[in-house]
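Here are my notes for a first look at this one. Have the model open while you read.

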Amino acid sequence: MFHLDVRRLVAVARREIGAASALLIAALGGMGFLAIADEVAEGETHALDLAVLRALRVEGRPQTLVGPDWLHVAAVDVTALGSVAVLSLIILLAFALLASLRRWGEGVLLLAGAVGGVSISQGLKLVFGRERPDMAYRAVEAVNASFPSGHAMLSAVVFLTLGVLTARFADRRRVKVLAISAAVLLSLLVGASRVYLGVHWASDVLAGWCVGGAWAMACWLLAYLVRRRLKPPSALDAT
């Protein structure tokens with residue numbers, strides 16, 4: 001009896017730590033975005049943004065990226081991972097997998113997070129209407145406003161949500177850590193590629209990461225609260 005009680009207490013503690021961590025990330029992400037947005041609106045980030053962009057170009061030749069040719073090609077490949085087309089394909093495939101496993105709650109969470117992320121991204125772009133870097137710096141084509149970076153935000157939403165879901169399904173701790181780490185790494189690479197390719201300012205990408213991470217964790221928290229309400233405590237302790 002004592003052994004079972006200890007196991008239940010440990011399970012509850014782990015679950016609450018996860019929820020508290022998600023809430024902290026959501027809060028920090030939201031505050032980080034508001035702080036960056038305030039600086040961008042006042043033009044305080046322009047000098048630093050321009051300095052970062054110029055540091056990634058050959059001096060006196062803004063159209064020429066620093067680094068070897070293979071890095072330029074890799075950056076284009078990586079940045080595509082954050083495009084709406086690629087992320088939509090990933091979401092559809094992941095949803096099909098979840099549906100085949102009859103994990104409808106997780107599937108709805110993934111779809112809702114992605115749709116909400118697109119809506120938030122487009123809404124913020126309309127509100128701020130920030131111009132992208134000059135055409136001379138751009139190595140690829142880009143449309144609509146610059147702030148926040150849609151690629152950085154949506155990749156954070158989708159990859160972090162998938163990482164969290166994978167961690168929930170996994171039994172081994174190292175698999176959980178790998179899933180979350182891979183999600184974070186992919187999000188960071190996509191965002192960094194946008195700055196390297198000259199289609200976003202560094203502050204655009206930072207803001208995208210902040211709001212994307214906050215939205216992903218907010219969706220997870222909502223799903224967690226709904227699950228707690230719908231399932232009895234005994235069932236939750238067993239998961």
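1. A search of the whole structure turns up three salt bridges (a side-chain nitrogen of Lys or Arg within 4 Å of a carboxyl oxygen of Asp or Glu). In one of them, the side chains of Asp49 and Arg130 meet at 2.9 Å, N to O. That pair ties together distant parts of the chain, 81 residues apart: Asp49 is in helix H2, and Arg130 is in the loop between H5 and helix H6 (150-169). Helices here are DSSP runs of H or I with at least four residues, strands are E runs of at least two, and numbering starts at the N terminus.

2. Before going further, a word on the source: this is a predicted model, where local features need pLDDT of at least 70 and side-chain atom pairs count only at pLDDT 80 or more, while totals for chains, interfaces and linings use all residues. Residues are numbered from 1 along each chain as its sequence is written, and side-chain values use heavy atoms, with hydrogens and water left out.

3. How many aromatic pairs does the structure hold? There are four (Phe, Tyr or Trp rings, the six-membered one for Trp, with centres within 6.5 Å; planes under 30 degrees apart are stacked, over 60 edge-to-face, the rest tilted). Among them, Phe33 and Phe128 sit edge-to-face, 6.3 Å centre to centre with 90 degrees between the planes. This pair also links distant parts of the chain, with Phe33 in helix H1 and Phe128 in helix H5 (residues 104-128), 95 residues apart.

4. Two backbone spots to check. The peptide bond from Phe147 to Pro148 is cis, with omega near -10 degrees, and Pro148 lies in the loop between H5 and H6. Arg102, in the loop between helix H4 (84-100) and H5, has a positive phi near 60 degrees although the residue is not glycine.

5. As for the record, an unreviewed UniProt entry lists residues 78-101, 108-128, 148-170, 177-199 and 205-226 under "transmembrane region"; such annotations may be inferred rather than shown by experiment. In the model, residues 177-199 are 87% helix and 0% strand, with end C-alpha atoms 32 Å apart.
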